[in-house]
Amino acid sequence: MRDPRLLGGAAGPTLVGVIDDIWVDERVRELRPDFAVLVIGASGLRNGPSDERSRAWLADAAARAVPLDHEKIEAWRAAYRAFGAKPQRTRPSVDALIRRMPLPEINLVVDAYNAVSVRHALPIGGEDAGHYAGPARLVRATGDEPSDQALGDPEIGEVVWRDDVGVTCRRWNWRQCVRTRITEQTVDAVFLLERLEPMSMDELADAGEELRDLLAQISPEVRTETRTLG
């Protein structure tokens with residue numbers, strides 16, 4: 001479902017195309033019918049190094065972090081086991097992030113989505129839209145998808161995010177490729193907020209609003225658009 005609300009005006013045509021074309025393979029939906037992803041496109045970002053604002057966001061999130069045995073995190077571990085991964089070896093992103101206290105400082109935009117991720121126990125991926133080739137899609141791997149050296153080759157049946165060039169994130173949200181990472185030079189970005197039950201759709205929407213608010217604090221002229229798949 002599309003959310004036409006924008007911050008700062010209409011999103012540019014390139015970013016709108018990226019948002020519209022994202023899709024989730026039916027075999028992923030069969031694996032977890034409760035899966036939903038809130039996609040946020042942000043155009044006109046002015047990123048920069050971590051500062052006192054983003055450190056405060058991270059500190060607040062760390063103070064609110066759920067315990068590692070929380071049901072939201074357990075749901076992701078179960079999802080990993082469902083496609084054959086061992087979550088104690090390759091952890092869901094929010095599981096790994098909560099274990100990294102104090103939370104790492106990366107840059108303003110990454111700090112923002114990491115803070116929202118920890119606050120809601122919600123995996124969030126941030127991608128540089130300018131480095132995408134073709135639509136992003138969440139699929140079950142065939143095992144022969146191109147992948148950069150940092151990621152390694154996906155296994156058959158593994159859940160991966162990919163585009164026309166290759167894998168952008170392995171094991172659902174375990175590890176992102178270098179090519180699409182958000183850097184201080186990123187101008188246009190796509191954020192993937194991934195939900196499983198017991199998180200409600202209302203909380204997913206709230207998390208998205210929190211992230212949009214933080215992006216607007218970083219870049220007052222940012223233009224954002226959201227779309228929910230699930």
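Student: What should I know before looking?
Tutor: The model is predicted, so local features need pLDDT of at least 70 and side-chain atom pairs count only at pLDDT 80 or more, while totals for chains, interfaces and linings use all residues. Residues are numbered from 1 along each chain as its sequence is written, and side-chain values use heavy atoms, with hydrogens and water left out.

Student: Which residues sit on each side of E3?
Tutor: Ala36, Leu38, Ile40 and Ala42 are on one side, with Val37, Val39, Gly41 and Ser43 on the other, and all are buried. In a regular strand the side chains alternate between the two faces of the sheet.

Student: Which strands does E3 pair with?
Tutor: E3 pairs with E9 (residues 189-195) in the antiparallel sense over 7 bridges. E3 also pairs with E10 (residues 223-229), again antiparallel and over 7 bridges. Two strands pair if DSSP finds at least two bridges between them.

Student: Who stands opposite whom there?
Tutor: Val37 faces Glu194 in E9, and Ile40 faces Thr226 in E10.

Student: Moving on, what do E6 and E7 form?
Tutor: They form a hairpin with 4 residues between them. E6 covers residues 159-162 and E7 covers residues 167-170, and the two pair antiparallel over 2 bridges. Arg162 has Val167 in E7 as its bridge partner.

Student: And what about E7 and E8?
Tutor: Those two form a hairpin as well, with 4 residues between them, and Arg171 in the turn has a positive phi of about 50°. E8 is residues 175-176, and its antiparallel pairing with E7 has 2 bridges. Cys169 stands opposite Gln176 in E8.

Student: Where is Arg137?
Tutor: Arg137 is in strand E5, residues 137-140. Arg137 counts as buried because its relative accessibility is 13%.

Student: What does Arg137 touch?
Tutor: Beyond its neighbours within four places in sequence, Arg137 is in contact (heavy atoms within 4.5 Å) with Trp23, Val160, Trp161, Arg162, Asp163 and Asp164. A polar atom of the Arg137 side chain also lies 2.7 Å from the backbone oxygen of Pro135.

Student: Now Ala189. Buried or exposed?
Tutor: Ala189 counts as buried, because its relative accessibility is 0%. Ala189 is in strand E9. Not counting residues up to four places away in sequence, Ala189 touches several residues, including Ile40, Gly41 and Ala42.

Student: Last topic. What lines the largest pocket?
Tutor: The largest pocket holds about 730 Å³ of space. Of its 27 lining residues, the closest to the centre are Ser93, Tyr113, Trp174, Arg175 and Gln176. By class, the lining has 14 nonpolar, 7 polar and 6 charged residues.

Student: Which elements supply the lining?
Tutor: Helix H5 (93-98), helix H6 (108-120), strand E4 (124-128), E8 and E9 each supply at least two residues.

Conventions:
Buried means under 20% relative accessible area, exposed over 50%, partly exposed in between (1.4 Å probe, protein chains only). A polar contact is a pair of N or O atoms within 3.5 Å; within protein, one must be able to donate a hydrogen and the other to accept it, and residues adjacent in sequence count only if both atoms are side-chain atoms. On a 1 Å grid over the protein atoms alone, a cavity is a set of points where a 1.4 Å probe fits but cannot get out, and a pocket is an open set with protein on both sides within 12 Å along at least five of seven lines; lining residues have an atom within 4 Å of a point. Grid points are joined across faces, edges and corners, and a volume is the space filled by probe spheres set on the points. Ala, Val, Leu, Ile, Met, Phe, Trp, Tyr, Cys and Pro count as nonpolar, Asp, Glu, Lys and Arg as charged, and the others, Gly among them, as polar.
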